[in-house]
Amino acid sequence: MAAAAALARVADVDIDAGGVFKYVLVRVRTAGGGAAAGNGNGKDIVRGYGWAEYHADIYDKTASELEKQGYDCECLGGGRISHQREEKKIHVYGYSVGFGRANHSVTTEKLKAKYPDYEITWADEGY
């Protein structure tokens, strides 16, 4: 139970406040995983930043930070996010050459929970 509570403290979404940038969808589990983790599947989180030249840059930084806190991470894929803060619009699209295409519908649901007053769309087209 404590593991599930700890996992709940990991933010579902952390993306830049605006612009177009790469993102990754990451599955996070408490170290050791399995039933001992309190919930065997862990949870999926979205991380997207403009400073990253490659999707792997975001994943490596995220995994490094979370592993120091005792979590295991797995990259489920990537893509791009267009975040238009003034218009309250987010569009999720594209793919990662290294990690493949993230499930944009999962990413979109996470974003809708964090930005309930935004129009959030996704497409498999584009890079």
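This is a predicted model: local features need pLDDT of at least 70, side-chain atom pairs count only at pLDDT 80 or more; totals for chains, interfaces and linings use all residues.
Residues are numbered from 1 along each chain as its sequence is written, and side-chain values use heavy atoms, leaving out hydrogens and water.

**Nonpolar cores**

- A nonpolar core here is a set of buried (under 20% relative accessible area, 1.4 Å probe, protein chains only) Ala, Val, Leu, Ile, Met, Phe, Trp, Tyr and Cys residues joined through side-chain atoms within 4.5 Å.
- The largest one has 16 residues, and Val-26, Val-28, Tyr-59, Leu-66 and Tyr-71 touch the most other members.
- Two or more residues each come from α1 (2-8), β2 (19-30), β3 (43-49), α2 (55-68) and β4 (71-84), with helices (H or I, at least four residues) and strands (E, at least two) taken as DSSP runs numbered from the N terminus.
- Helix α2 gives the largest share, four residues.
- A second, separate core of 14 residues includes Ile-15, Leu-25, Ile-90 and Tyr-115.

**The sheet**

- Six strands form an open sheet in the order β1-β3-β2-β4-β5-β6, with mixed pairing; strands pair if DSSP finds at least two bridges between them.
- At the edges, β1 (13-15) and β6 (119-122) each pair on one side only.
- Strands β5 (residues 89-93) and β6 run parallel over four bridges, and Val-92 stands opposite Trp-122 in β6.

Terms used. Buried means under 20% relative accessible area, exposed over 50%, partly exposed in between (1.4 Å probe, protein chains only).
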